[in-house]
Every structure is written in C-alpha cells, then in structure tokens.
Amino acid sequence: MGNCFGCSKNTNIRLKLPAVCLIWEIAMIILFGFFIRYNNEADPHWNMHKKTKNISSDIENDFYFRYPSFQDVHVMIFVGFGFLMTFLKRYSFGAVGFNFLIAAFGIQWALLMQGWFSFFDATDWKIKIGVENLINADFCVAGCLIAYGAVLGKVSPVQLLVMTLFGVTLYAVEEFIILHVLHAKDAGGSMVIHTFGAYYGLSISWVLYRPELYQSKRLQGSVYHSDVFAMIGTLFLWMFWPSFNSAISYHGDGQHRAAINTYLSLAATVLTTVAISSLTKEKGKLDMVHIQNSTLAGGVAVGTAAEFMLMPYGSLIVGFLCGIISTLGYVYISPFLESKLKIQDTCGIHNLHAMPGLIGGIVGAVTAACATEGVYGEEGLMLVFESPGRPLNMTPSLQGSHQAAGLCVALIFGIGGGIIVGLILKLPIWGDPTDDNCFDDEVYWEIPEEDDNHPSVLEFSSHMRNNHQGV
Amino acid sequence: MGNCFGCSKNTNIRLKLPAVCLIWEIAMIILFGFFIRYNNEADPHWNMHKKTKNISSDIENDFYFRYPSFQDVHVMIFVGFGFLMTFLKRYSFGAVGFNFLIAAFGIQWALLMQGWFSFFDATDWKIKIGVENLINADFCVAGCLIAYGAVLGKVSPVQLLVMTLFGVTLYAVEEFIILHVLHAKDAGGSMVIHTFGAYYGLSISWVLYRPELYQSKRLQGSVYHSDVFAMIGTLFLWMFWPSFNSAISYHGDGQHRAAINTYLSLAATVLTTVAISSLTKEKGKLDMVHIQNSTLAGGVAVGTAAEFMLMPYGSLIVGFLCGIISTLGYVYISPFLESKLKIQDTCGIHNLHAMPGLIGGIVGAVTAACATEGVYGEEGLMLVFESPGRPLNMTPSLQGSHQAAGLCVALIFGIGGGIIVGLILKLPIWGDPTDDNCFDDEVYWEIPEEDDNHPSVLEFSSHMRNNHQGV
Amino acid sequence: MGNCFGCSKNTNIRLKLPAVCLIWEIAMIILFGFFIRYNNEADPHWNMHKKTKNISSDIENDFYFRYPSFQDVHVMIFVGFGFLMTFLKRYSFGAVGFNFLIAAFGIQWALLMQGWFSFFDATDWKIKIGVENLINADFCVAGCLIAYGAVLGKVSPVQLLVMTLFGVTLYAVEEFIILHVLHAKDAGGSMVIHTFGAYYGLSISWVLYRPELYQSKRLQGSVYHSDVFAMIGTLFLWMFWPSFNSAISYHGDGQHRAAINTYLSLAATVLTTVAISSLTKEKGKLDMVHIQNSTLAGGVAVGTAAEFMLMPYGSLIVGFLCGIISTLGYVYISPFLESKLKIQDTCGIHNLHAMPGLIGGIVGAVTAACATEGVYGEEGLMLVFESPGRPLNMTPSLQGSHQAAGLCVALIFGIGGGIIVGLILKLPIWGDPTDDNCFDDEVYWEIPEEDDNHPSVLEFSSHMRNNHQGV
C-alpha cells in the first residue's frame, strides 16, 4: 500500500530542474552585478595598493599564500566528496554528477551569503572577493555535501538544490555567529562545517524517513569496481585535508602548523581504523566501508584545533581516538540509528562527520582554554586567537567557553535547520523517487545500454520490480 | 565493397611506430643540445642575477609564482584530457595511452618551436627555458589534444604523432602572430589554443571522413564504468581550469583575477548545462555526454578575457551562455555536422572547444575595446595590455580590433592547417584502422583476456565481425 | 604436498593485525610526546624568529617554498603508488588499501627515525619538524612502497607492517650515511629511495620464493578496467615527479632546475617505452604493463642529478635510455629473474626502480665529477653541493667518488637488509596466504557480493579451488 502511493510518484523533472537551474542562475547574475567586485589584491589597482601598504613584492599578494591550498580544497569538494559517494553499485552518476551540480550552485550562493554577513563593505555596499572568499565558498558547500551523504540516492536533484540553497543560507548565519559574534576560532571547520553539515543532513534524513526502503535493498551495496572508485574520493580527501585545515589559517606559522597537525592526525586514524575494522569482523577481514570513511575522521576532528598548539602527539591522540570511534560507529551505531531513531544515513555521515566534528569542537575548546603565553609567546597568543572585534582582555578560559558555545550554535543550526528544511522537502512536488527506485541512476540519468550478453544490474532489478508489481 | 578496401588495410605498426618514436626522440636530443639552456632563474648563476636585479629573496623566483599552476595544468593535459576521452566502451587504453604519447612528444617539440619563435636569444642562438616555457609547452600540446578528440578511435598512433608534429608547428606560428605581431592578449588561450585546436581537428576529421563508419557502431557508445572514468577527466579539467587561465597571467592581481573569473564562469556553466540537458530529453533525464563536456565550456570562453576586468557578473554571464550553447550543440549541431557537413567529431569538440573558443575570442575583443582608465587605473591598463613591442599609443578600441584579428588568424591556421595535414594523413601508409575496426583497443593494444564466464564486448563483437565477413 | 602445507596456513589476522596496529600507534604517541616538536617556522614564535633572522615577510616561511611540492609528493605516495598496483584483476583493494595502511604507519615512524639521525637537536633532545620533514617522511615511505611492489599479493598486511618498520629503520640509517657521512647529494633519491627500496623488496621476495605460485595463476593478470585504474597511478606519478625530485632541493634555481630536468627526462622516456613495447610484440601492439611502468623510469634515473647542471639535452638522454632499458627489462629480464634467480617480482620493480635507480646513481656521480666553476659559477658550485659538515676543499672528482660510494651503501643496505627481513617474514606466524590464494582480495577483505547473473571471478575461482581440493 505504501508502495502504491510510491508508484504514483512522478519523477519526471523535465520542467522543474531546468526551471530551478535557470531562474537561480539568472538571480545569481543579477545579485553578483549589484554586489560582487574584486578585492584590492585581485584588482588592477593592486600596484597602487602595494605602494600604500608598503608591500615590496607581488609574491606577497594573498593569492600566493592561499592558491595552492585553494586548489587542493577544490579537489576535495568536487573529486573527493563526489567519488567518495560512488561506492553504490548503480548510483555513481548521481554521486559524482549531483555533487557537481550542487557544489557549483552552492559556491555562487555562498559567495553572496558569506559576503553579506562577513565581507560586506558598508561604504559602497559591495562585497569584495579574493582567493580567501573562494576557499570560504568551497568550505560552505562542504557542509551541504556532507548532508548529501545522508540522503544519497533517496532524493531528486531538485530537492538537493533546495537543500543547498537553505544549507548555504543557514551556514552563513551560524558561521557569522560563531566566528564574528562569539569570536570562536575554527580554521578547519570541525564545528562550522562538519558538525553543522552532519546534523543538518541527519535531521533532513530523519524527517524524510522511508519505512519501505528495503524495497531497493538490491541496490544498496557496492560492487568491486565501485569500491575502487570510492577510494579515489577517500584518498584525495585524505591527502589534501592538511590543505583544508590550513587554507584560511593566518600566514606563516599558522598555516604551517595546521598542515602538520592534520597530516599526523590522519596518519594515526588509518591505523586504528584498520585495527577496529579487522577486530569487528569474522576472520579479521577488513571492510571497505570503514577504510573509505573512518580513515578520514582524524582530519575532521583536528579541524578546530589545527592551528592551535595541539602538539604533534596531541594530533596523534585525536586521530587515534577518532579512528576507533568512527569505525565502531559504522559497526554499532549506524544500525541503531536506522532501526531505533529512524535515521537512514546512506554514507554514514554520523560516523565520519557528526561524532568527529563534536570531538573536534571539544578538542578545540580545551586546547584554547589551556593556551598559555609560555607556549605561544605573547605575540603568538594574540595572533592565533585574534578576530576582528575580539575584546583584548579575553582570557584563554573565556576563549574556551566561547568555543564550546560555538559548538552548540552549530548543533542548533544543524538540527533546527535540518528539520525545517526536511519538512519543506517532504512536499510532494520535488520529483523524488519511489521507495523501490532509490539508489538507482536510471531514474534521473540516461544510462548506456549494456551488451546483450552482459545483462546489467538494472535489467535484472527491473525484472524484479515487474514481478513485484505483478503481485 | 568499401569494406573490402578497408579489410585489406594493414594496421601492423611494429616498424612504423618505433621508427617514428626513436628517430624523433633522437632529433629532439640533438636539437635540445644545440638550442636549449636553462634561463636565469633556473641556472646556478641565479644568485648573481638576484643581486643584479635587486631581488631580495629566493621566493621571488618565477618558479614560486607559477609552479603550482604549472602542476595543475600538467594534470589537465595528462589526466584531464586523457580520462575525458575514456568514455568509449573499448577505447580507454587508446584514450589515456595515446594522449600520453602525443602529449609527451608534443611538449618537447613545443619547447623548440615556441622557443625559436618567442623565446629566442639572438645573442647566443639559444632558447633559455624556465617554468613559464613548461606551461607554454603544455598549452601548445593542449591544442593537439583537442584535435585528437575529433578523430578519437579512427586513427593510428603514427597518424597522431604526425598530427602533433604539424599541430605544434602551426601553433607556434599562429601564437607568434597573434601575441607578438598583433599584440593581442590571450592568457587562457580561447583563440590560440581552443579555436585553433578545434578547427584543426575538425578539418582533419572532415578530410578523413569515413562514410562506412556505422560498421563500428557497436563500439561507439559508453558503458556504465567508462562514463565514471570519463568524469575523472571532466572534474580535473573543471577544477584546475582557474590555474590554466591564470598560469601565464602577469604576477599579482593578474593571476588572482584570472583565477576568480574562471572559477565563476565554470560554476555558472554547470547549472545551464544541467538545465538544457534535462530540457532536451524525454522525462528530463540527464545525459552524461553533456555533463562530461559542456560543463567545461565556460572555462574555454573566459580564456582570453580572464585577466581583463570582465567583472564577476560578466564571468557568470559568459558561463551561463556557454553552458546553453554547448549543450544545444551536442543535441542539434553535432548530428547536423555529421550528416550534412561530413564531419565526424567523436568527442564533440565543436561544442566544447570551437564554439566556446569563438565566443571567448569575441568576449575578449569586446572587453578589451571597452577598457578604460577609470576601471583599470593608468598603471593597471598598461600592465594588463602590455606586450613586448606594443605601441604605447594603442587605444582600447584598436586593441579590440587586434583581438578580433587574432581570432581570425587562429581560425585560418586551424582550418587551413587541418586540411593540409588531413591530406597528408590520408596517405595509405600510416596503419589506420578499417571502418569496422574503429573505436577498438584491440587493434593497437594487447588486451587482457577476460574470464570464461564473463564474455567480453570484444569477443561478442569479433563474433559479429566474423558473421559479417561470412556474408 | 606443498599445497597441503599451504592449505593448513591460517590467514586469520583478527588478533595479529589489530594488535600490531594499536600497539605501534600507542608507541608512536609516546615517542612523539617525548621527542617531536614544531620547528621555528611552524611555531607561534615564528614572528620573533623572523625578526632575529631579518626575514621580511611571512611568505619566506619554508612552508611556501615547499608545500605545493609536498602535496604533489603526498599524492604520488597514496594515489600514485596505490593505484599503480591496482592492475591485478582481484587485488585492487589490497593494492590501494594496504598501500594506504603501510604509508600511514611508515610516515610516523620515519619522522622519528629520520629525526633521530638527521634532525636531532642535542640541546633539548627534541626533533623539530616542519614541512621538509613531512616530505622526507613521504620519501622514506616511498622506499617501502617500492618494496611492496615486489611482494604484492603474496604477503599479509601484518608482514607488510613488519617490512615497513624495518624498511624505514634501514632507510634512515643508509640515508644518514649517504647524505651526512659521505656528503653525497641525492635530491630525488635515485640511490637513497629507489635503489635501496628496489633491492630491499627484491631480496625479500627472493627469500620468500614460492615455487608453487602457479597455483594462483588465474589471478595474476589484469582485466580491462583494472588496467585503466592503474593508469591513474601511472599518470599521477608521472605528472608529479618533477615535484618529487625538486621537493627538497635548495630554494630558487635548485628547485627550478630539478623540476625542468625531470619534466624533460620523463617526456623522453614515454617515447622510447612506446617504441620498444611496440617493437617487441607481434603486430606492434602496445603492452599496458610497459606503458604503466617503464614510462616512469626516466623520473627515477634523474633523481640524483636533477638539481645538478645535467642540461636539458642530458635529461632527454637519460630518459631516452631508461625507457629502452626498463621496457627490455620487462620483456627479457623479469622472466629470467623468476625462472633462474627465483625472484618473483609482481610489479616488476627491478625494471622500474632497481635498474633506473642504479643508472641514476651513476649519472649523478658522473655529473658531480664533471662539475666546473665555469658551468655553475663559484657561488653556485658551493650551493649545489653544500651539505652540513662537508669539507670545503672537496673537489668535484672527490664528490663524484663519494656519490658512487653512496650508491654502494644503498645497494648493501637494500640487499643485506632485505635478506634479514625476509628471513623474519618467513616465520609461520604472520598469516600470509597459501600459494593458491595469492593475489586474491578475498583473503583479507570483505568482498561485495556480485549479482546472481554476473558470476564473479571470485566465484569462478573458488569453484576451481574446490574442485582442486576435491582431488
């Protein structure tokens, strides 16, 4: 019966998807025309600016401090997230393709939203952008792509665009509150990106709960080569995470230290992920799901503290714990979430982003609260925790409590925003798939014909579906 | 009958290919020995050079301004172009492997050709190379790889090497005329690379027209996983395009602005490509061919104007239009080209490079013609449009017309050169495949045996061929 | 009979693998706690350091000189080596996954071992790390990953970890002797990394010789798509090799020149590899094994001399020869090594790393011996060959002989260390696979179920195995 309601769903998006894409892109053009300009370092007046600021060489343009990291982050967003989600046997087009679509839309909207909140020049009502804004836009979109992981295969591209529109909006607000009102620091976004994004996605998935999802069980696993494709995503995320966490740190030792801490934390995570994966399986065989995902938890969890004096061994400890917790999450917590809390989390973002994000926020708060002049030096302490408008007399312990408050803000925005957006996405107008049509590229993509003597998963499964409907 | 002539073709390249590779590589060694040396910044006399030029730090070596972009461009050439062409079900070895071969040869020949024309030091008859030359060589090869897209699967590796030899030669001449005679600007190569390369390839394909190509129709489509492989190419091209367009821009704001413009244009293209792809298909399903290719058109089309004051919204508009035009090209123009103009364009380079390249040239001309001191500043205007030997009193409108003239030069070299080279490639000595053997790796590659219970496309198709010949 | 002994092997690693991973990671944390701190450029006291050293801008932090190259090297280690080994039809999980595991462990142990030997600060008994140490750790691990290539598919992950523990240890010692005792130079590690790593792996494989390995012959080849996956590894190694060889060269012209030389050498290698591959096959068809591996030999062989004045044509000559030698190695030497010397070399590291590494060491020695003030300039000569503690009056010819001595040290450590470690790995406690179970992911990985009408290689082969055992 539930099925029959599903059967009547219309997944034809021939008008909705083009309409949304075209209208929104036109809106972007108009808003960019009104608001967005190049900043001093990307404008031909840079030469005058150099003289004014007594900058001696073009190499001191922020571009050269941040562009290599920006490109690494860009790869993480488009190849990293995109390929990580290709593990399903018949949803690789959707994984890579929709990831591409929502990221490309999201970065434009993020430049505007983050611009209005954090980079607005009130003198001429313009947002002046440079390479740091491009990185921030990529970061903002990362939150939405994390959320996509929870609903992968169960929503239409139109829903994903709506989810991204609201996700970016919420992100810009919570980021503003955390970084500019609370003066918390979050270089790698454990709170702002991962905690927010994960709870946003989990809440949406909770609202969109599909009790009959077992009907597409045949498509929920991986095949051999789809697991290899997913490793492309895993590795590019893993390798470039030091760039992610250091991309917007302050110049010099800040970026340098953030990269080292992330490198170390991620290395430790791999070992404990392998250990727990082997320990929890019969005969000690490793599970690709764990290797693909939990190995990344250490990068999430040093996000906030990466530019602090976490110390190399501190980074290893964070990575050590996160590998264990994340892998145990896949083994024990994900099934519990699905059966008891009605949260269907396709990629297990609860294990990869939610828990490690919370840990990262806590590690950041503790590390900030323990900061001393002895460790940082007087100047260093200022530099690490500086933020426009931050009171000069803010003590480390006060900073720590602001960090903790920031974590709560991220949680509230994620859960609250996710529930509201979930309700919007529940409206029966977005062209989402039926329960027995989930995780199937055939719904939204032209699929190449297979050879006659190579019967495909799809043909097999559509045969199954026909039989089912016959009953 | 046409088939019978084809049947007698000899695709054995056991002598031709090694002979060409070895002789040409020996020629490279001799010519490099005579002509190529390190430039000031790559030579151990750099320390003296620094003192002479009053350079304060090693970080001001051009290497640090351009090397990260160079590596991104390098990835685009070898992984980007290579994997983009793996979409065919049984031509992935040829796509990645021949791309590798011709790029590796082309960059060596390009260093010489571009060196003689644009970097020749007449005092000691030497070409002095540094990182900028490596980038330029990669750029030059990009033109030939674009042309490869038109003839993919229909030519032998020997033909590809010949095509590259002439292509690089023509490129170096048209580049010299456009940049150093006409003083046009073309940072990202909309004209010099894309327009030239595309029309070069299309003209060759026109001369090599195969009326019986339907005989290998069975191999002209993709399979599920080959489409995912192709997305690796698409994404690395898309992500690193900002580096491509900014790689040889002038230091500081030039590189910075070129990256921003390209980032924005490409983002807009994704949305309009998705919109038009969905709109032109029954049920609104997306077509992988469009997503793989048309999403890149915006990068092509801001190539010339990337370092100009195109403005962020201007970049979005260019991307917006190119996504639409390129996708419509795949739907309506490519079939027309094939059926009426006898141009068989395997990868659809007309839609991805030719039309967007023309648009890019026009956008560049218009933007240059509209340049004002108000927007650029006096110094900025000089810097953006400077070129060795450019008359000081060249007005923006004159610059605009020179840009337009540059576009014509690229077209003429592409079409004219392509027809001549096509006629050379038509000689029956190059070991090209028969019409029913096109798009088949088995012709030039050792193919791994498939498992007995996994009959391959190849076995199936060779079975077909045998039947066919039986008739 | 030999089989029966094999049958009784226990490949269950449910306790061994987790125990080794967890204990070693805990040891890392403790040792890092005692020994590892940030260096001056990654510490918040950097601002004070800048003033002391009269450094004018944050951009002169070593981070900005080396971080882009570091990330490229990181990609080579994790994606390059990992995917290069995915060519086997059913060992892609093991290739990418175990590569990931041992690299992640190895870099931690390398930071300690290399730190104690080469970066130890005796005043406070600490190792101070920065981006250069991260690169060195990646380099060190590269040696072990090369060795993995020889034993791919024939050892358990526990054995791999043991092999890495000893490999890193040996590496740190030989590196110290070669670079700091002999004052040899080896920027790209032809000797220190490639020669050592290759002979280490080949010696281990010799000790672990499996006379009955033909029993898993069914799994020793590739399939079509696994060869395409392997090309991802090949290309990322090939493209980023200029960064590998220049990553720890001295600032300025040193890094610049090393990148140019490597770029050129690799380009030449591709052409001769293709030539010889075609020449040695019937009908001139190309062999993917050669394209995947031998095209990289030129990068190995300019490792030592990359920062010397090898000259552009010199780089081409080195690449030219290595492409020929390496490809001929695959055709003629590998079968000889297996049948006569009992060395089973899964990936052919003898052709890709051992021979080119030796060539690289010799080229380095000759180039160093021929260095003149005329070519380098007085200052340049000092800079290129400087090394802490190097006698000032060391002549070029003496430098050349020290280089040659360094090559011998690498060989001795590789062969000697490999034999000893091989004997340790022969103990029947490590959970290695039986002879008919080699090259099979099913032994150590949970494998996704295939569809009913898509019988997998695995099912087919396990069917074979059952029959076999029935006899």
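**The interface of chains B and C, and beyond**

Across the interface of chain B and chain C, the rule finds one salt bridge, that is, a side-chain nitrogen of Lys or Arg within 4 Å of a carboxyl oxygen of Asp or Glu. This is a predicted model in which local features need pLDDT of at least 70 and side-chain atom pairs count only at pLDDT 80 or more, while totals for chains, interfaces and linings use all residues. Residues are numbered from 1 along each chain as its sequence is written, chains are lettered from A in the order in which they are written, and side-chain values use heavy atoms, with hydrogens and water left out.

The partners in that salt bridge are Lys51(B) and Glu379(C), whose closest N and O atoms are 2.9 Å apart. In general, side chains of opposite charge can pair when their charged atoms come close.

The interface itself brings 79 residues of chain B into contact with 78 residues of chain C, contact meaning heavy atoms within 4.5 Å. The two chains bury about 6,800 Å² between them, 73% of it on carbon and sulfur atoms; buried area is the accessible area (1.4 Å probe) that two parts lose on being put together, summed over both. Tyr38(B), Pro44(B) and Phe100(B) supply 11% of the area that chain B buries against chain C, more than any other three residues. By class, the side of chain B that touches chain C comprises 47 nonpolar, 16 polar and 16 charged residues. Here Ala, Val, Leu, Ile, Met, Phe, Trp, Tyr, Cys and Pro count as nonpolar, Asp, Glu, Lys and Arg as charged, and the others, Gly among them, as polar.

Salt bridges also occur within a chain. Over all chains the structure holds 30 of them. In one, the side chains of Glu132(A) and Arg66(A) meet at 3.9 Å, N to O. Glu132(A) lies in helix H6 (residues 131-151) of chain A and Arg66(A) in helix H4 of chain A, so the pair ties together parts that are 66 residues apart in sequence. Helices (H or I, at least four residues) are DSSP runs, numbered from the N terminus.

A search of the whole structure finds ten cavities of 30 Å³ or more, a cavity being a set of points on a 1 Å grid over the protein atoms alone where a 1.4 Å probe fits but cannot get out. The second largest cavity has a volume of about 200 Å³, taken as the space filled by probe spheres set on the points. Its lining, made of residues with an atom within 4 Å of a point, has 18 nonpolar, three polar and no charged residues.

Technical notes. 1 Å grid on protein atoms, 1.4 Å probe; cavity = no way out; pocket = protein on both sides within 12 Å on 5 of 7 lines; lining within 4 Å. Helix = DSSP H or I, 4+ residues; strand = E, 2+ residues; numbered from the N terminus.
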